[in-house]
Amino acid sequence: MHYYRYSNAEVSCWYKYLLFSYNIVFWGVLSDLTKVTRLHGIDPVVLVLMVGVVMFTLGFAGCVGALRENICLLKFFCGAIVLIFFLELAVAVLAFLFQDWVRDRFREFFESNIRSYRDDIDLQNLIDSLQKANLCCGAYGPEDWDLNVYFNCSGASYSREKCGVPFSCCVPDPAQKVVNTQCGYDVRTQLKSKWEEVIFTKGCIPALEGWLPRNIYIVAGVFIAISLLQIFGIFLARTLISDIEAVKAGHHF
């Protein structure tokens, strides 16, 4: 007489399609990283392609692994999320411990982008958005725009923008409905005491350093939300892997 053992183990459709939906959300979060622009000579296109490869790889592994119940893809997805989580945690801790180093790297980043401001439309958009959002101009002040050949005040420059600043440095006029892109022309030829009437005089690094303590709860909340999202993805992947392994183990009897 033969005895057969029947297993009630089955793969949860709830976890399967929840993990699939999670990947769609996670994919959308990663797509925001394509807005990152050049850093120390890295072309923005290269960074967009790199982020795109990460997005596609994780999205493919998570979605296909969940729908096809593929343990290898699910383990790869789970491991990648764990790695990203610990990298984020390490970066946050190191940034807190080495604030001076972070400040110097950001200054180099900002000054590098100032030099290339007219060479890349992505750089222009990044710097303009940063200056308008934080009501600032340059890394530590409007004089930093001497680093750019078009805004430099030296006698060797024949640019119409000489001794000026980008329009994003200008104090907005509520009465103007159309942005005046020439508002920063020749501003730095005036007395410094009059600059505040026309442009922002605070540098973006001091402005950001002042912004962070005022919005520390928002920053912490965003970090916690992203961390919880990643932990939830790890939980879904591990649960689905356990279900699949249980079903396969039951088939051996």
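In helix H4, the buried residues are Phe109, Phe110, Glu111, Ser112, Asn113 and Ile114. The model is predicted.

H4 has 17 residues. From first C-alpha to last, H4 reaches 24 Å, close to the 24 Å expected at 1.5 Å a residue.

Arg107 pairs with Glu111, and the closest N and O atoms are 3.4 Å apart. Both residues lie in H4, four residues apart, about one turn of the helix. An α-helix has 3.6 residues a turn, so residues three or four places apart point the same way.

H5 spans residues 121–134, 14 residues in total. H5 reaches 20 Å from its first C-alpha to its last, close to the 20 Å expected at 1.5 Å a residue. Which residues of H5 are buried? They are Leu123, Gln124, Ile127, Asp128, Leu130, Gln131 and Asn134. They cover an arc of only 165° around the axis, so they sit on the same side of H5. The face turned away from that buried side carries the exposed residues Ile121 and Ala133.

What do the buried residues of H5 pack against? Their partners are helix H4 (99–115) and helix H6 (204–214). Just after H5, Leu135 takes a positive phi of about 50°.

**Disulfides**

How many disulfides does the structure hold? There are four. With the bonded cysteines of the chain numbered in sequence order, the pairing reads 1-8, 2-5, 3-4, 6-7. Three of these links are set out below.

| Disulfide | S to S distance | Angle about the S-S bond |
|---|---|---|
| Cys136 and Cys204 | 2.0 Å | 85°, right-handed |
| Cys137 and Cys169 | 2.1 Å | 85°, right-handed |
| Cys170 and Cys183 | 2.1 Å | 105°, right-handed |

Take the link of Cys136 and Cys204, with its sulfur atoms 2.0 Å apart. This pair links distant parts of the chain, 68 residues apart. Cys136 lies in the loop between H5 and H6, and Cys204 lies in helix H6. Both ends are covered: Cys136 is buried at 0% relative accessibility, and Cys204 is buried with a relative accessible area of 0%.

Next comes the disulfide that joins Cys137 to Cys169. Cys137 and Cys169 each lie in the loop between H5 and H6, 32 residues apart. Cys137 is buried at 0% relative accessible area. Cys169 is buried, also at 0%.

A further disulfide joins Cys170 to Cys183. These two cysteines again lie in the loop between H5 and H6, 13 residues apart. Cys170 is buried at 8% relative accessibility. Is Cys183 buried or partly exposed? At 22% relative accessibility, Cys183 counts as partly exposed, because buried means under 20%.

Cys72 is exposed at 64% relative accessibility. Cys78 is buried at 7%.

**Salt bridges**

The structure holds nine salt bridges. One of them joins Glu245 to Lys75, with the closest N and O atoms 3.8 Å apart. Glu245 lies in helix H7 (residues 216–250) and Lys75 in helix H3 (residues 71–97), so the pair ties together parts that are 170 residues apart in sequence. Glu245 is partly exposed at 35% relative accessible area. Lys75 is partly exposed at 42%.

Another salt bridge is formed by the side chains of Glu143 and Lys192, at 3.0 Å from N to O. Glu143 and Lys192 each lie in the loop between H5 and H6, so this pair ties together parts 49 residues apart in sequence. Glu143 is partly exposed at 35% relative accessibility. Lys192 is exposed at 56%.

Which residues form a network of salt bridges? Asp100, Arg103 and Glu209 are linked in one.

How values were computed
Residues are numbered from 1 along each chain as its sequence is written. This is a predicted model: local features need pLDDT of at least 70, side-chain atom pairs count only at pLDDT 80 or more; totals for chains, interfaces and linings use all residues. Side-chain values use heavy atoms; hydrogens and water are left out. The expected span of a helix is 1.5 Å times one less than its number of residues. Buried means under 20% relative accessible area, exposed over 50%, partly exposed in between (1.4 Å probe, protein chains only). The arc is that of the directions from the helix axis to the C-beta atoms. Contact means heavy atoms within 4.5 Å. A disulfide is a pair of cysteine sulfur atoms within 2.5 Å. A salt bridge is a side-chain nitrogen of Lys or Arg within 4 Å of a carboxyl oxygen of Asp or Glu.
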